[in-house]
Amino acid sequence: MFLSFLFSPQQRKQRKLLRALTFLAVVALVAEDATPAVAAWQDLPTQPPSIPSSSGGGGRRETPPVLIGRRPIVVDLPFATAAAAVSSILGRDLSKAYAAEPAWAMEARSTVLLPRSNSVFLPRIGYSLYKTVPEQVSEGVALALVAGVRHFDCASQYGTNAEVGRVLKEYIQTGKVETRDGTIIATATSTTPQQRRNGLFLTHKVSNSDQSLSKTELQRDVLEQARVLVGGTSKTGGGNKNNRKPLLDLVMVHSPLTDKNRRISTHAALCELLDQGKIGAVGVCHFGVTPLQELVDAGLPAPSVIQLELSPFNQHADVAAWAAAHDSLLSCAAWSKLSSNDGPIQGWDILGSIAKERGMTKQQVLIRWAIQRGYLCVPRSSSQYKIERQAIQENSWDATKDFVLSDKEMTILNGLDEKIPAGQLGVKDGWEESDIVDRKWDPTTAIV
């Protein structure tokens, strides 16, 4: 039984060959005792088998295994990996073949291969440190680790990298984390430090004040943040030689609110670190089409990831179209203040009714909406109160993977777009209060 993929009409002639060669790649994986972690589909219809029609509720999807002889396996072979393997065999580039992968097929996997990266697989759901005060970092990160979260979204502006680094270094070395009340939480004591570090995915965001015309200065600052977070140093060359991993997995420019020259210089400096193997991928946050196009027009690679204040209430159709055209992945920034009086009151009530009917939290509905749209997301929660600590677990991949929103529910959510700007919500993720000129202000439209 061959592993097959769905391609666009222009790629149909390649399909049979890709199926056969991918099957051989799977056999090779098994022969080498690889440890596959995510699902590859045996055959891709227009809709996965157990997703109900729009008239029904959600349900759990059963992933069909691939059969090697009589041995069923679940294969860690996303489209991008298969396309890269087949490209090397054929001696020609088929890297765009995986662009036809439906969003629902991606959502069956907990990770996705970042385009234009050093073979970095990004967990689809992470944990953002946005608005987390230093004294709550330890418990928040500990609870996230226990919940299976391994992607941590950090930033200079958040002011907590030192505390995050202290917790993560303790986890890497011992497999344990101590909460602020002295409780020791064991999460992975049976693994080695190298395995624990390799299992983490760390994102760092370069603040506006750190963007620089000096590539050397910016690169030094980024590598210093790597040292703070996980102990890496620039002396280790292309990543931490002990952990055999980039010093930071993803480095992003936190906002476009500087000037064209600094945006381009900063992106170029990060691309150099990418080429040197010191970071795994390069991204941007809150960039609209104009600053995104600046990067490409300057001859630089498009960012691997574009993070936005992205929700059913502001779907950024223009940036989403640009990302699709340039093979960039969209990521939802930590949702904040959507439930406030300045948020989408009617739309929030509609989302709440879906959550109530399905037995989900509102945050889980947002997560499922993002995943089923093919996006990444980094929800956040503090850890001061019990309900906040519980939310960290509820927002993890393991707690949300079995929920599936129906076509009808997705259509309802997709119809809630108010283009609600950051200025109206009062969000300050990558900028200061002084940058917000009025309620209509948004970082994606501030640069024209």
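Two residues are in contact when heavy atoms of theirs lie within 4.5 Å. Keep that in mind as we walk through this predicted model, where local features need pLDDT of at least 70, side-chain atom pairs count only at pLDDT 80 or more, and totals for chains, interfaces and linings use all residues. Residues are numbered from 1 along each chain as its sequence is written, and side-chain values use heavy atoms, leaving out hydrogens and water.

Let's start with the whole chain. The protein chain holds 17 helices and 14 strands, which are DSSP runs numbered from the N terminus (helices H or I, at least four residues; strands E, at least two). Of its 448 residues, 55% are buried, meaning under 20% relative accessible area with a 1.4 Å probe, protein chains only.

Now look at helix H8 (residues 260-275) and helix H9 (residues 289-297). Their axes, lines fitted to C-alpha atoms over the stretch in contact, come within 10 Å and cross at roughly 55 degrees. H8 and H9 are therefore oblique to each other; angles under 35 degrees count as roughly parallel, over 145 as roughly antiparallel, 65 to 115 as roughly perpendicular and the rest as oblique. On the H8 side, Lys260, Arg263, Ile264 and His267 meet Pro291, Glu294 and Leu295 of H9. These contact residues divide into three nonpolar, one polar and three charged.

Finally, what about the cysteines? A disulfide here is a pair of cysteine sulfur atoms within 2.5 Å, and the count comes to zero disulfides. The sulfur of cysteine 332 has its closest cysteine sulfur in cysteine 377, 5.9 Å away, too far for a bond. Cysteine 332 is buried, with a relative accessible area of 0%.

How values were computed: Axes are lines fitted to C-alpha atoms, for helices over the stretch in contact, and angles run from 0 to 180 degrees between N-to-C directions. Ala, Val, Leu, Ile, Met, Phe, Trp, Tyr, Cys and Pro count as nonpolar, Asp, Glu, Lys and Arg as charged, and the others, Gly among them, as polar. Buried means under 20% relative accessible area, exposed over 50%, partly exposed in between (1.4 Å probe, protein chains only).
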